[in-house]
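Please look over the sequence and the model shown below before reading on. The report that follows takes up salt bridges, a metal site and a sheet.

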Amino acid sequence: MPMEFIPLRGDFAAEVRGLHIGVGVAPEQIESVEDGLARFGVLVLRNQCHGDDAQQAFIEQFGPPVVANLKEIKSRHPHFYDIGTVDEDGIPFPPGGAKESFLLANLLWHTDGSPMQPPTRVSCLHAKVLPPVPPPTEYADMRAAWDALPAGLQQEIDGLRGEHSYYHSRAKLGMTQEQFSQDTLNSRPPQEHPLVRHNPRTGRKALYLAAHISHVAGWPVDKGRALVDRLMAHATQPRFVYSHDWQPNDLLMWDDSWTMHRATPYHGAHPRNLRWSGVRERAPV
Ligand SMILES: [Fe+2]
């Protein structure tokens, strides 16, 4: 069966039919997926039953894999983070612990891996364990958000750079520097990236934002934060957002260079586990 993209929200987000990563994926299929990512930003693959090795083999065809070594949320696997309420063995994360505090920031609009250089380019998330009514994950179309900005503002911000830091997003939720491991403090210094990215495949521009941005390089901190807050509010209006309702064994993948996303709150007792892996850009951004 040939691969098919079924749009879910106009030209943003699509369901992919005819692709099962557990049986191996040929290079020409990867090229089709790349085209799908460039067209739709977020891809939904239903009923994906596969092990970690298949997920890793799949994602590695898109670029250099992210090494999942953030000490606060590390799992046993070198390339996976467990998102949700339990680890890979089904053991609940300790309440109030560093892992829970760190993951709480997923409720803020962000792009994965933007506090790294090169940053994450493509992320994928596999629903392993879901509660009966899973909380949706929301995605914002930063390309449409860019297109909708007034021309004067586009001109003003194109060329500016924001500084991305894990500490900044976590501080918004009350996490203090002391709660970070020394390893993370040493290995994750803040990184600057442009506020506007250009997609070489489509030629289109997009905002590149995240809760991780602490300030705009070369600007007074307050002025830069006000600009970023204004852009974030603009880019996350409902008209730019696709909300994904999870089903068991969904595999979502998205292009971090022109989408933002956030988790929505979940307070249920039923365990929840989604396994994240990703690849980085091949060059600094
Ligand atoms: Fe994320």
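This is a predicted model: local features need pLDDT of at least 70, side-chain atom pairs count only at pLDDT 80 or more; totals for chains, interfaces and linings use all residues.

**Salt bridges**

Over the whole structure, a search finds 16 salt bridges, and the table gives some of them.

| Side chains | N to O distance |
|---|---|
| Asp250 and Arg46 | 2.7 Å |
| Glu138 and Arg262 | 2.6 Å |

The salt bridge between Asp250 and Arg46 ties together parts that are 204 residues apart in sequence, because Asp250 lies in the loop between β12 and β13 (251-255) and Arg46 in the loop between β3 (42-45) and α2 (52-59). Asp250 and Arg46 are both buried, and they also take part in a network of salt bridges that links them with Glu15 and Arg17.

For the salt bridge between Glu138 and Arg262, the parts tied together are 124 residues apart in sequence, since Glu138 lies in strand β6 and Arg262 in strand β14. Glu138 counts as buried at 15% relative accessibility, whereas Arg262 counts as partly exposed at 27%.

**The sheet**

Strands β6 and β14 also belong to an open sheet of three strands, whose order is β12-β6-β14 and whose pairing is antiparallel. The edge strands, each of which pairs on one side only, are β12 (241-244) and β14 (259-263), and from one strand to the next the twist averages 20 degrees. Between β6 (residues 137-141) and β14 the antiparallel pairing runs over five bridges, and Tyr139 has His261 in β14 as its bridge partner.

**The iron site**

His261 is also a donor to the iron ion, which is coordinated by His110 (NE2), Asp112 (OD) and His261 (NE2) at 2.1 to 2.2 Å. The donor residues follow the sequence spacing H-x1-D-x148-H. Distant parts of the chain are linked in this way, with His110 in the loop between α3 (98-104) and β5 (120-129) and His261 in strand β14, 151 residues apart. Both His110 and His261 are buried.

How values were computed. Residues are numbered from 1 along each chain as its sequence is written. Side-chain values use heavy atoms; hydrogens and water are left out. Two strands pair if DSSP finds at least two bridges between them. Helices (H or I, at least four residues) and strands (E, at least two) are DSSP runs, numbered from the N terminus. Axes are lines fitted to C-alpha atoms, for helices over the stretch in contact, and angles run from 0 to 180 degrees between N-to-C directions. Donors are N, O and S atoms within 2.8 Å of the metal (3.2 Å for Na, K and Ca); water is not among the atoms, so sites may look incomplete. Buried means under 20% relative accessible area, exposed over 50%, partly exposed in between (1.4 Å probe, protein chains only). A salt bridge is a side-chain nitrogen of Lys or Arg within 4 Å of a carboxyl oxygen of Asp or Glu.
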